[in-house]
Amino acid sequence: MSRNHPDSNEDDKVETCIFCLIASERDKEAEIMKKDKELVCFKDINPAAPHHYLVVPRQHMHSCSSLNSGHISLGQLKWIMKRMAEMGKTVLRDQGVTNMKDIRLGFHQPPYISVNHLHLHVLAPTNKISEYLMYKFMPKTVAFITEESLTMHLKNKAPPVKY
Ligand code: AMP
Ligand code: ZN
């Protein structure tokens with residue numbers, strides 16, 4: 001996506017963003033699990049659980065806080081979140097996960113992100129999240145927000161007022 005695109009973040013180097021490279025399939029290292037026109041799901045390079053995948057939009061957007069930056073509309077963000085969660089759950093089922101209550105889907109919130117391209121963490125089973133990475137994926141912490149909490153938050157949020 002061009003730097004001048006309304007949804008791009010001028011601060012990000014889209015050309016060198018690793019998740020842009022994976023999403024556009026120019027990076028050949030990533031193990032892609034599923035893809036469609038808008039989204040790509042691939043294995044996390046440093047898995048914290050037996051199943052650990054990342055779902056990213058092909059289009060570069062900074063993070064789940066992109067709404068506040070004004071680069072993406074509330075409706076667009078809600079739609080992307082829903083689709084990302086659906087793809088993550090589909091991949092888990094495809095990989096043989098049957099207990100869909102024992103999964104964790106969520107986002108790190110800035111500044112607790114290491115890659116500046118929106119990505120949903122998809123982990124299962126939760127009781128096998130490695131002990132030393134457990135704190136990173138703990139719901140209701142300042143660093144991590146579950147997909148459910150974010151969806152609820154967005155549902156109650158009115159579009160930003162324009163002055
Ligand atoms: P976060 O800390 O939420 O920004 O998570 C970024 C995630 O991306 C981490 O779990 C990394 O292990 C993962 N990651 C970074 N680079 C790659 C890569 N090239 N391929 C797959 N996963 C990656
Ligand atoms: Zn990117």
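User: In which loop is proline 111 found?

Analyst: This is a predicted model, in which local features need pLDDT of at least 70, side-chain atom pairs count only at pLDDT 80 or more, and totals for chains, interfaces and linings use all residues. Residues are numbered from 1 along each chain as its sequence is written, chains are lettered from A and ligands numbered from 1 in the order in which they are written, and side-chain values use heavy atoms, with hydrogens and water left out. Proline 111 is found in the loop between strand S4 (104–108) and strand S5 (120–124), where strands (E, at least two residues) and helices (H or I, at least four) are DSSP runs numbered from the N terminus.

User: Which peptide bond joins proline 110 and proline 111?

Analyst: Most peptide bonds are trans. Proline 110 and proline 111, however, are joined by a cis peptide bond with omega of about 10°. A cis bond also joins alanine 124 and proline 125, with omega of about -15°, and proline 125 has its place in the loop between S5 and strand S6 (144–146).

User: Which protein donors does the zinc ion (ligand 2) have?

Analyst: Donors are N, O and S atoms within 2.8 Å of the metal (3.2 Å for Na, K and Ca), and sites may look incomplete because water is not among the atoms. Here Cys17 (SG), Cys20 (SG), His60 (ND1) and His117 (ND1) lie 2.0 to 2.3 Å from the zinc ion, and along the chain their spacing is C-x2-C-x39-H-x56-H.

User: What is the geometry of that zinc site?

Analyst: Ideal angles for four tetrahedral donors are 109.5 degrees. Four donors count as tetrahedral if all angles lie between 85 and 135 degrees, and the site of the zinc ion (ligand 2) is tetrahedral, with angles of 102 to 117° among its 4 donor atoms.

User: At what angle do the axes of H3 and H4 cross?

Analyst: Axes are lines fitted to C-alpha atoms, for helices over the stretch in contact, and angles run from 0 to 180 degrees between N-to-C directions. The axes of helix H3 (residues 74–94) and helix H4 (residues 147–155) come within 10 Å and cross at roughly 155°. That makes H3 roughly antiparallel to H4, a term for angles over 145 degrees.

Notes. Angles under 35 degrees count as roughly parallel, over 145 as roughly antiparallel, 65 to 115 as roughly perpendicular and the rest as oblique. Four donors count as tetrahedral if all angles lie between 85 and 135 degrees; four count as square planar and six as octahedral if opposite donors are over 155 degrees apart and all others between 65 and 115; anything else is irregular.
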